[in-house]
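Student: I would like to work through this structure step by step. May we begin by looking at it together?

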Protein chains: 2
Amino acid sequence: MRCFVTGCAGFIGSNLVDRLLALGHDVSGYDNLSTGQLSFIEEARSSSRFVFTKGDLLDVDRLTAAMRGSEIVFHLAANADVRFGTQHPTKDLHQNTIATVNVLEAMRELGVARIAFSSTGSVYGEAPIFPTPENSPIPVQTSLYGASKMAAESFIEAYCEGFSMQAFVFRFVSILGERYTHGHVFDFYKQLKAHPEELYVLGNGKQRKSYLYVQDCIDAILMCIENCQARVSIFNLGLDEYCEVNDSIGWICEELGVRPELRYAGGDRGWVGDNPFIFLDCSAVRALGWRPKLSIQQGVRRTVRYLQQNSELLEIR
Amino acid sequence: MRCFVTGCAGFIGSNLVDRLLALGHDVSGYDNLSTGQLSFIEEARSSSRFVFTKGDLLDVDRLTAAMRGSEIVFHLAANADVRFGTQHPTKDLHQNTIATVNVLEAMRELGVARIAFSSTGSVYGEAPIFPTPENSPIPVQTSLYGASKMAAESFIEAYCEGFSMQAFVFRFVSILGERYTHGHVFDFYKQLKAHPEELYVLGNGKQRKSYLYVQDCIDAILMCIENCQARVSIFNLGLDEYCEVNDSIGWICEELGVRPELRYAGGDRGWVGDNPFIFLDCSAVRALGWRPKLSIQQGVRRTVRYLQQNSELLEIR
């Protein structure tokens with residue numbers, strides 16, 4: 001397969017690039033390096049089957065030129081910061097929604113017919129059903145991030161109908177693992193590295209979340225692409241378990257051998273638009289035979305160890 | 001109330017402007033006159049309580065200046081052509097989604113807290129439930145128009161959560177009545193006016209649709225705004241009945257006294273992304289006490305008579 005990966009130097013994107021190359025595919029990667037790291041694709045760049053283009057998804061001409069010749073697009077580039085949406089209200093619109101339509105326009109122009117898209121469990125807003133299935137009632141969006149991804153999903157589906165494309169839409173829980181550079185484990189690790197004696201926690205620590213290990217996530221994506229023929233396939237990707245933020249804090253502190261005093265901001269949400277409970281029904285992807293290899297606890301611990309071995313990443317943000 | 005109406009010179013917008021003025025409100029209208037008609041707001045412009053600004057929603061500065069001082073926004077401006085979406089793929093993104101975020105940004109900038117939004121039953125794609133309730137399963141979009149409106153709804157909801165706004169989202173069936181300037185009655189009337197002996201019909205004529213009279217639509221909007229306190233209220237607006245396109249053709253021909261030969265394009269859809277069955281569950285808005293005054297048949301017949309009396313409108317498109 002000749003694959004095009006947006007966000008190829010990012011956390012999930014770079015892991016996917018390595019996997020696709022290992023499987024023998026040709027890969028063109030596209031990244032504006034706003035949060036992606038060249039170091040993450042250092043090994044990939046030594047392969048003759050990998051081509052990297054530094055470019056922005058808002059630059060349609062550059063995007064189209066880079067995509068030429070591809071058979072499938074893995075569209076992973078996004079503004080993935082759910083938390084700071086209200087500080088820059090149109091960032092999600094541009095980087096997630098408009099950027100996605102630009103990807104679709106480039107595909108249409110070039111006749112590229114297949115797209116895999118990283119959506120999010122955040123599209124469910126505050127779901128009325130747990131675990132939350134893919135065919136939940138139409139949600140009311142509570143974050144600009146969720147809204148921008150719901151919007152992107154919608155346009156992808158309309159392009160599939162209008163221009164005979166095929167889409168694989170994946171609604172992720174939070175993803176953890178090697179090259180993880182943002183999210184709660186990152187934030188807590190960074191704080192504890194600087195001040196091991198205390199930890200500031202958004203909300204009351206009782207928010208319930210689910211986390212999936214990045215290699216398990218990539219296994220699922222590739223399995224779905226191989227096995228699903230529908231015009232539009234939508235899959236939740238997560239674990240059949242959740243933890244409290246407090247559980248995760250316990251594992252992180254154990255890994256680091258620290259016992260900080262916990263200072264809670266209070267309230268049942270970490271920020272405006274935070275979802276106090278994320279737990280997705282992943283029976284559809286499991287029905288394809290997919291099984292995750294790491295539990296939430298294993299994923300969190302592995303991520304902490306990765307950050308310890310790569311502490312230069314703490315300087316990224 | 002100091003009201004701001006986008007699309008104020010359009011079909012629904014101009015009727016709403018007249019109603020708001022009749023109720024004693026102050027109205028600022030905004031329209032780029034791309035499809036809106038100055039003649040529709042001729043009477044409104046004679047009122048000292050009406051101010052018109054010609055402007056585009058993609059011009060945020062002009063939009064913000066025009067909105068200043070308003071208490072509520074009625075956001076009706078849109079690209080309402082479902083049918084030709086695939087001929088100009090990014091038009092819906094710009095005129096429906098980005099335009100809506102611009103409205104929200106102007107509101108945020110000015111501290112305007114309430115918005116009523118004209119969404120569409122098209123957001124349900126090909127619904128799995130009839131009549132289709134507001135809390136249907138998350139749909140798969142089948143038109144760029146539906147996608148762009150779903151996207152707009154999503155951003156409106158996120159702004160409500162993030163910036164403490166209040167929204168009233170109305171998912172319309174097709175609207176008919178005075179100043180109606182596009183849609184099947186318009187198309188059929190125009191054809192029959194030119195060639196009364198034959199009528200070309202998209203699809204097989206068996207598509208089932210629902211149509212609501214514009215004054216009934218406005219009654220519902222105003223009733224919801226007056227009675228709903230929730231941060232986000234979402235209502236289907238339609239009738240508890242549907243008709244076949246063939247029924248509608250019959251009424252139109254009766255009104256015109258013509259008996260054309262019907263030529264069907266065939267297939268169960270009028271165009272790519274057409275929805276062969278639209279029938280919304282409107283029990284939520286009925287629970288507020290709203291009752292439509294015209295049936296589908298009455299609405300269609302009244303619209304034909306209006307077009308007969310205003311045949312200069314046939315030249316619009």
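Tutor: Two residues are in contact if their C-beta atoms, placed from the backbone, lie within 7 Å. Please keep in mind that this is a predicted model.

Student: How many residues does the contact take from chain A and from chain B?

Tutor: The 7 Å limit decides which residues belong to the contact. Counted on both sides, the contact takes 33 residues from chain A and 33 residues from chain B.

Student: Which helix gives the most to the side of chain A that touches chain B?

Tutor: Helix H4 (91–110) and helix H5 (144–163) of chain A each supply at least two residues of that side. The residues of this side divide into 16 nonpolar, 13 polar and four charged. With 12 residues, the element that gives the most is H5(A).

Student: How many residues of domain 1 of chain A are in contact with domain 2 of chain A?

Tutor: The domain assignment gives domain 1 of chain A as 2–175 + 212–237, and domain 2 as 177–209 + 241–276 + 293–315. Their centres, taken over C-alpha atoms, are separated by 25 Å. On the side of domain 2, 15 residues take part, and on the side of domain 1 the number is 20.

Student: In what order do the seven strands of the open sheet in chain B lie?

Tutor: Strands of a sheet pair through backbone hydrogen bonds, either parallel or antiparallel. In this sheet the pairing is parallel. Strand S3 (50–54) and strand S11 (232–237) of chain B each pair on one side only, as the edge strands.

Student: Which residue of S4(B) is the bridge partner of B:Thr6?

Tutor: Strand S1 (residues 2–6) and strand S4 (residues 72–75) of chain B pair in the parallel sense over four bridges. Helix H3 (residues 91–110) of chain B lies across S1, S4 and strand S5 (114–120), running at about 175° to S4(B). The bridge partner of B:Thr6 in S4(B) is B:His75.

Student: Is B:Asp216 buried or exposed?

Tutor: B:Asp216 is found in helix H6 (residues 214–227) of chain B. Leaving aside neighbours within four places in sequence, B:Asp216 is in contact with B:Pro292, B:Lys293 and B:Leu294. A residue counts as buried if 20 or more other C-beta atoms lie within 10 Å of its own. Because B:Asp216 has 21 C-beta neighbours inside 10 Å, this residue counts as buried.

Student: What is the C-alpha to C-alpha distance between B:Asp216 and B:Pro292?

Tutor: In sequence, B:Asp216 and B:Pro292 are 76 residues apart. In space, their C-alpha to C-alpha distance is 5.2 Å.

Key. Residues are numbered from 1 along each chain as its sequence is written. Chains are lettered from A and ligands numbered from 1 in the order in which they are written. This is a predicted model: local features need pLDDT of at least 70, side-chain atom pairs count only at pLDDT 80 or more; totals for chains, interfaces and linings use all residues. Ala, Val, Leu, Ile, Met, Phe, Trp, Tyr, Cys and Pro count as nonpolar, Asp, Glu, Lys and Arg as charged, and the others, Gly among them, as polar. A residue is buried if 20 or more other C-beta atoms lie within 10 Å of its own, exposed if 12 or fewer, and partly exposed in between; C-beta atoms are placed from the backbone. Domain bounds come from an automatic or database domain assignment. Two strands pair if DSSP finds at least two bridges between them. Axes are lines fitted to C-alpha atoms, for helices over the stretch in contact, and angles run from 0 to 180 degrees between N-to-C directions.
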